[in-house]
Amino acid sequence: MAYADGFVIPVPKKNIAAYRKIARMAGKIWREHGALEYYECVGDDLKVPAQFTGFGQMAGLKKNETVVFAWIVYKSKAHRDKVNAKVMADPRMKVPKKMPFDHARMAFGGFDVLVKA
C-alpha cells in the first residue's frame with residue numbers, strides 16, 4: 001500500500017503568496033523525482049466545535065497566521081526514501097535565506113496509508 005509524508009505548517013497570512021511560490025517549485029521537483037501526488041492546502045475553515053482540537057490550536061497559531069496542511073504520496077516507504085534523496089540532492093532545493101514561515105514550528109512525519117477509498 002502507498003506511503004505519505006504529511007506536514008502542518010503555521011504560516012503568516014501575509015506570506016501566503018511567497019509560500020505558494022516555494023510550494024509550486026517544490027511540488028514540481030518532487031513530482032519530477034517520482035512522487036505520485038503532491039498537495040499543499042491553506043486553511044480556510046479552521047473553526048471546530050469546542051469538544052475538538054482544531055488545526056489552529058494544534059499548530060499554536062498566532063494572530064494573523066493560518067495553517068498549511070500538506071502531503072506527498074509515494075508507492076512505499078522505500079520509494080519515499082529514494083525520491084527524497086533525489087529531491088534533497090537537487091540544486092533547485094536550495095533553501096531561501098528568508099523563509100515565509102518559521103520552520104521550527106513545522107510538524108511532519110511519514111505515514112503508512114491505512115485506508116484508500
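Biologist: What gives the most to the lining of the largest pocket?
Modeller: Helix H1 does, with seven residues. This is a predicted model, where local features need pLDDT of at least 70, side-chain atom pairs count only at pLDDT 80 or more, and totals for chains, interfaces and linings use all residues. Residues are numbered from 1 along each chain as its sequence is written, and side-chain values use heavy atoms, without hydrogens or water.

Biologist: What makes something a pocket, and what makes a residue part of its lining?
Modeller: On a 1 Å grid over the protein atoms alone, a pocket is an open set of points where a 1.4 Å probe fits, with protein on both sides within 12 Å along at least five of seven lines; lining residues have an atom within 4 Å of a point. By that rule 32 residues line the largest pocket, and Ile22, Ala26, Trp30, Met93 and Met99 are the closest to its centre.

Biologist: Why are S2 and S4 said to stand at the edges of the sheet?
Modeller: The open sheet has the order S2-S3-S1-S4, with antiparallel pairing. Strands S2 (37-42) and S4 (107-112) each have a single partner strand, so one side of each lacks a neighbour in the sheet.

Biologist: How do you know that S1 and S4 pair?
Modeller: Two strands pair if DSSP finds at least two bridges between them. S1 (residues 3-12) and S4 have six bridges, in the antiparallel sense, so they meet that definition. Phe7 stands opposite Phe108 in S4.

Conventions
Helix = DSSP H or I, 4+ residues; strand = E, 2+ residues; numbered from the N terminus.
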